[in-house]
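Have the coordinates open and check along as we go.

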Number of protein chains: 2
Amino acid sequence: MQRILSDQLTRHAGDTVRIAGWVHRRRLLKSVAFLIVRDAAGLAQVVVTDPAVRATVEALPEETVVEVTGTVVARRGAAAEVAAATASAGVELTDPAVRPLGPPAVPPPFDLYRPLLTAGLPTQLDNAPVALRHPSRSAALRVSAAAVAGFRAALDARRFVEIQTPKVVASSTESGANVFALDWFGRPAYLAQSPQFYKQLMVGVFERVYEVGPVFRAEPHDTVRHLAQYTSLDAELGFVTDHRDVMAVLRDTLAGMLDAVGDRAGAALATLGVDLPAVPARIPAVQFTEALEIAGGPADESDLAPAHERALGEWARREHGSEFVFVTGYPMAKRPFYTHPDPARPTYSNGFDLLFRGMELVTGGQRLHRHADYLAALAARGEPVEPYAGYVDAFRRGMPPHGGFAIGLERFVARLTNAPNVREVTAFPRDLHRLTP
Amino acid sequence: MQRILSDQLTRHAGDTVRIAGWVHRRRLLKSVAFLIVRDAAGLAQVVVTDPAVRATVEALPEETVVEVTGTVVARRGAAAEVAAATASAGVELTDPAVRPLGPPAVPPPFDLYRPLLTAGLPTQLDNAPVALRHPSRSAALRVSAAAVAGFRAALDARRFVEIQTPKVVASSTESGANVFALDWFGRPAYLAQSPQFYKQLMVGVFERVYEVGPVFRAEPHDTVRHLAQYTSLDAELGFVTDHRDVMAVLRDTLAGMLDAVGDRAGAALATLGVDLPAVPARIPAVQFTEALEIAGGPADESDLAPAHERALGEWARREHGSEFVFVTGYPMAKRPFYTHPDPARPTYSNGFDLLFRGMELVTGGQRLHRHADYLAALAARGEPVEPYAGYVDAFRRGMPPHGGFAIGLERFVARLTNAPNVREVTAFPRDLHRLTP
């Protein structure tokens with residue numbers, strides 16, 4: 001008999017079926033026992049009255065893997081857990097045969113069947129392989145997978161080509177700081193902080209490219225929004241007029257990501273109690289100096305502090321009904337050397353950030369595309385060309401005006417699901433303190 | 001006027017349009033000049049008769065980025081390059097205005113407009129940002145992108161969930177050898193050789209998972225089929241009976257990958273002159289000892305040498321008309337400690353390889369799923385449990401019988417496109433000698 005998943009049970013009323021999964025919970029009442037089985041699709045309730053079967057169930061602790069064969073019937077009463085899991089609501093399995101598919105599990109250090117994980121985050125992270133089984137944790141990862149699928153679909157539809165680039169490089173991408181050094185067959189090398197250089201070079205090949213991959217930042221500080229490895233959703237496109245063309249593609253990409261989350265992870269959103277925000281047809285955009293004013297920052301600031309970003313998020317919601325707001329024209333001094341200046345005001349850049357609910361989610365902008373401009377930009381910063389030679393040299397070969405952006409996946413999912421810490425939406429986070437599991 | 005791509009020209013006969021791209025080639029004849037423009041979609045021919053425009057074109061070396069406005073007309077004669085590019089065959093642009101979008105390009109060290117790249121592979125790799133612009137090189141990367149899209153689509157359709165896992169780990173995944181060591185905030189760490197442990201742990205969460213990501217092998221040898229960073233297409237699924245369930249999913253995944261290559265990269269296949277192989281409904285499978293016999297290897301061998309794999313590839317084509325062949329039941333001694341033995345013959349494994357045209361392309365198998373079996377397997381190999389504690393411990397928490405596979409993306413694309421060296425289908429390869437560009 002072919003195994004079916006819990007969300008297929010309602011279609012099999014009256015049939016004898018086989019399900020399999022984990023013992024999510026047992027409720028051993030006097031005259032009857034309920035066995036709640038968790039599988040990839042949700043929860044299923046099994047009603048046990050036979051004393052021999054009950055004895056089997058009593059010997060199978062939570063998280064033991066079991067197979068249950070039984071008859072699907074309309075439910076009489078519902079255990080609270082199943083009532084919450086809409087998948088198999090309304091039916092249950094009766095007259096079951098229960099067979100373990102492995103030895104009895106050693107119960108985890110926290111109860112997975114409770115609506116909320118009561119263990120603190122460090123305990124959850126120490127025990128990630130089981131903590132991630134909790135519906136709230138796995139739901140966030142389903143949202144994450146759906147968001148990535150939406151990112152790719154939106155860009156595929158716009159003729160972007162997916163690329164894979166090196167994660168080990170001979171010189172650091174963004175600056176000398178915060179890089180992980182390693183030994184590459186006896187030579188010094190570094191983990192890539194971003195695919196920035198490579199995605200730009202690939203604009204010369206495909207015009208429009210994207211990459212989904214890990215990036216590494218040796219962040220020495222321990223915050224709720226920084227990870228030492230995170231997943232960067234990178235895109236870059238050529239033949240733009242300026243950064244506004246990039247912002248338009250980003251807007252459509254975000255809309256595609258949210259659509260995909262709604263389409264592919266609807267049940268996960270329900271588990272998390274999350275409503276999707278709308279992406280305005282035109283996301284409000286404020287120029288940096290204006291943004292500082294709105295946020296009440298001093299006029300001589302050259303960057304936005306987290307408090308400013310929060311204030312701007314409030315402003316965008318209040319004034320524009322938008323969860324998203326662009327800040328454009330950051331001062332050149334605070335942007336990387338490959339940033340294109342604003343031709344009208346060269347101390348400001350054609351670089352932008354996108355804030356989502358008051359947190360920086362995306363960084364992007366127009367890049368330099370002329371070889372001479374790269375030489376001048378590095379010289380102005382007192383940086384040698386040599387470490388960047390293979391990159392800078394490519395701009396002698398004909399590169400169109402171009403720009404791009406990078407979305408931090410974990411930040412996006414955390415903001416979307418109201419998780420206060422990016423580690424709650426990361427399967428196995430890596431940070432200053434954490435290298436296992 | 002909105003820019004259009006070269007493959008949209010035929011729909012605009014009689015119109016004045018704007019295109020943009022790279023100067024692919026100039027043919028300066030006596031009475032007329034032809035300018036071939038390359039963009040993301042292919043090539044377009046521009047006919048220049050006006051002396052002033054001709055002077056502009058003469059000053060724009062190959063690879064300069066240009067914008068051309070002109071009238072689309074049915075073509076009279078065809079430059080050979082465009083005849084080969086079906087996209088805009090039949091039309092050309094006349095009465096053009098030509099405007100450079102950047103300074104004149106410095107011509108690359110090899111001609112990109114010739115049908116074949118004449119430079120040797122090392123020169124191509126040293127100049128990857130321009131070499132990849134050659135239609136043969138970019139076509140292979142388009143095939144690669146399509147193959148990855150097919151991998152994901154096939155598994156999405158089978159309810160697999162995409163995951164992102166750590167690329168920096170506290171202990172090596174497969175064995176102590178061939179790992180890159182790095183300094184993680186003062187602690188020793190390693191680049192992950194595979195997502196093996198993490199994808200197994202995530203079977204406990206989602207039952208079925210996949211990941212597309214970089215893996216790192218400090219391969220000390222320099223061969224045409226090894227890279228120090230490659231893209232691994234990993235899948236893992238729970239509730240299997242044995243490795244044959246895994247092989248069935250792999251078969252369908254490969255078929256999905258090839259379908260996607262046909263659907264999404266048809267023009268790239270034409271450029272490369274490649275016909276897609278068929279994936280048999282049932283890929284022939286031979287047991288390891290039988291495979292050795294077929295390949296003429298000595299009966300006491302415990303692994304297949306490359307020559308054996310080639311002989312098996314020939315055999316599968318000859319006897320079964322299949323480009324693919326499974327070898328099952330490798331000796332346990334040659335498989336990693338997490339491999340599930342064949343219950344009927346415990347010195348042989350439920351592990352398999354898939355050979356594609358005589359080269360190992362996929363490794364997979366059923367894994368151990370009982371905690372006690374992990375302890376015994378490590379003890380039998382004289383390996384301590386401690387470095388694997390976080391992984392092995394998870395098997396106390398209830399894990400279903402499971403298995404999976406890993407496809408090497410670059411090998412797949414190289415075999416598919418008849419590239420003799422995986423570096424030819426890798427944008428920026430990393431190996432023993434190469435860390436740039």
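Two strands pair if DSSP finds at least two bridges between them, and helices (H or I, at least four residues) and strands (E, at least two) are DSSP runs, numbered from the N terminus. This is a predicted model, in which local features need pLDDT of at least 70, side-chain atom pairs count only at pLDDT 80 or more, and totals for chains, interfaces and linings use all residues. Residues are numbered from 1 along each chain as its sequence is written, while chains are lettered from A and ligands numbered from 1 in the order in which they are written.

Q: What confidence does the predictor give chain A and the complex?
A: pLDDT is the predictor's confidence in each residue, from 0 to 100. Chain A averages 94, and 96% of the residues score at least 70. For the complex, the predictor gives an ipTM of 0.97 and a pTM of 0.97.

Q: What makes up chain A, in helices and strands?
A: Chain A holds 13 helices and 18 strands. Along the principal axes, its C-alpha atoms fill a box of roughly 85 × 55 × 40 Å.

Q: How do you know that strand 10 and strand 11 of chain A pair?
A: Nine bridges join strand 10 (residues 208-216) to strand 11 of chain A, and the two run antiparallel. One of the bridges links A:Val212 with A:Leu233 in strand 11 of chain A.

Q: What joins strand 11 of chain A to strand 18 of chain A?
A: Strand 11 and strand 18 (residues 402-408) of chain A pair over seven bridges in the antiparallel sense. Here A:Ala235 has A:Phe405 of strand 18 opposite. In general, strands of a sheet pair through backbone hydrogen bonds, either parallel or antiparallel.

Q: Why is strand 11 of chain A called mostly covered?
A: A residue is buried if 20 or more other C-beta atoms lie within 10 Å of its own, exposed if 12 or fewer, and partly exposed in between, with C-beta atoms placed from the backbone. In strand 11 (residues 229-238) of chain A, 10 of its 10 residues are buried. That holds for both faces: A:Leu233 and A:Ala235 are among those pointing one way, A:Asp234 and A:Glu236 among those pointing the other way, and all are buried.

Q: What makes helix 6 of chain A largely enclosed?
A: Helix 6 (residues 196-206) of chain A has 11 of its 11 residues buried, so it is largely enclosed by the rest of the structure. Its buried residues include A:Phe197, A:Lys199 and A:Phe206. Just after the helix, A:Glu207 takes a positive phi of about 70°.

Q: Why does B:Val327 count as buried?
A: B:Val327 has 24 C-beta neighbours inside 10 Å, and the cut-off is 20 or more, so it counts as buried. B:Val327 lies in strand 13 of chain B. Its C-alpha atom and that of B:Phe352, 25 residues apart along the chain, are separated by 5.5 Å.

Q: Which residues are in contact with B:Val327, leaving aside its neighbours within four places in sequence?
A: Two residues are in contact if their C-beta atoms, placed from the backbone, lie within 7 Å. Among those that pass for B:Val327 are B:Val286, B:Phe288, B:Leu304 and B:Phe352.

Q: Why is one side of strand 6 and of strand 12 of chain B left without a neighbour in the sheet?
A: Eight strands of chain B form an open sheet of mixed pairing, in the order 6-10-11-18-17-16-13-12. Strand 6 (161-162) and strand 12 (285-287) stand at its edges, each with a single partner strand, so one side of each has no neighbour in the sheet.

Q: How do you know that a two-fold axis relates the chains?
A: Copies are superposed by least squares on the C-alpha atoms of residues with pLDDT of at least 70 in both. A rotation of 180° with 0.0 Å of shift along its axis superposes chain B on chain A, with an RMSD of 0.0 Å. That is the relation of a two-fold axis. In chain B, the C-alpha nearest the axis belongs to B:Leu182, 2.2 Å from it.

Q: Which residues does the contact between the chains take, and what gives the most on the side of chain B?
A: The contact takes 71 residues from chain B and 70 residues from chain A. Helix 6 (residues 196-206) of chain B gives the most to its side, with six residues.
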